[in-house]
Amino acid sequence: MMTYLHRYESPLGTILMEGDGEAVCALWFEGQGGVGSGPEAEPVPQGEEPAVFSQADRWLDAYFAGEDPGPVPPLRLEGTAFRRRVWEVLQTIPYGETVTYGQIARMLAEERGIERMSAQAVGGAVGHNPVSLMVPCHRVVGSKGELTGYAGGIERKAALLELERGAAATY
């Protein structure tokens, strides 16, 4: 399947998106470690972008304007069943709010009918999220509310949370 590469200029740096023409498959900040386009991804000539990139641009425009951008464009998330379930949970975290890795682990343990689940396992799945921002991994914080792990950098994570909470945000 052909994949395409698209650039978006955000206030926090260039964002790269990869899509298959119907869905966004990856989204990351340029220079972010651990992600990137596959060798088959090709830049799309201006004016010939698949509609999903226009939808993603509008979503990002609203997001960076400090508005709740609403539903995300179509996504194609590939990963293990556990990772996909964690990414589904991330998509339920309301705009402007945070949850802890432990809260997600407890919810998933209850869902599975088991006593405990590792917050570290949840952290690993969060860390492998291929679609930053739209699958809001930046809304997951440490057990005491501390900002931890974000592939785009802790400074960006803080800026994203501040943007969502407004200028009066405190951490």
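Student: In which strand is Thr 100 found?

Tutor: The model discussed here is a predicted one. In it, the strand that spans residues 99–100 includes Thr 100. That strand is β5.

Student: Does Thr 100 count as buried or exposed?

Tutor: A residue is buried when its relative accessible area is under 20%, and exposed when that area is over 50%. Thr 100 has a relative accessibility of 13%, so the residue counts as buried.

Student: Why do the buried residues of α4 line one face of the helix?

Tutor: Helix α4 covers residues 119–127, and its buried residues are Val 122, Ala 125 and Val 126. Seen down the axis of α4, these buried residues fall within an arc of 100 degrees, so they line one face of the helix.

Student: Which residues are exposed on the other side of α4?

Tutor: The buried residues of α4 are covered by elements that include α2 (81–90) and α3 (101–112). On the other side of α4, the exposed residues are Gln 120 and Gly 127.

Student: At the start of α4, which residue has a side-chain oxygen that reaches to within 3.0 Å of the backbone nitrogen of Gln 120?

Tutor: The backbone nitrogen belongs to Gln 120, at the start of α4. The side-chain oxygen that reaches to within 3.0 Å of that nitrogen belongs to Ser 118.

How values were computed
Residues are numbered from 1 along each chain as its sequence is written. This is a predicted model: local features need pLDDT of at least 70, side-chain atom pairs count only at pLDDT 80 or more; totals for chains, interfaces and linings use all residues. Side-chain values use heavy atoms; hydrogens and water are left out. Buried means under 20% relative accessible area, exposed over 50%, partly exposed in between (1.4 Å probe, protein chains only). Helices (H or I, at least four residues) and strands (E, at least two) are DSSP runs, numbered from the N terminus. The arc is that of the directions from the helix axis to the C-beta atoms. Contact means heavy atoms within 4.5 Å. A polar contact is a pair of N or O atoms within 3.5 Å; within protein, one must be able to donate a hydrogen and the other to accept it, and residues adjacent in sequence count only if both atoms are side-chain atoms.
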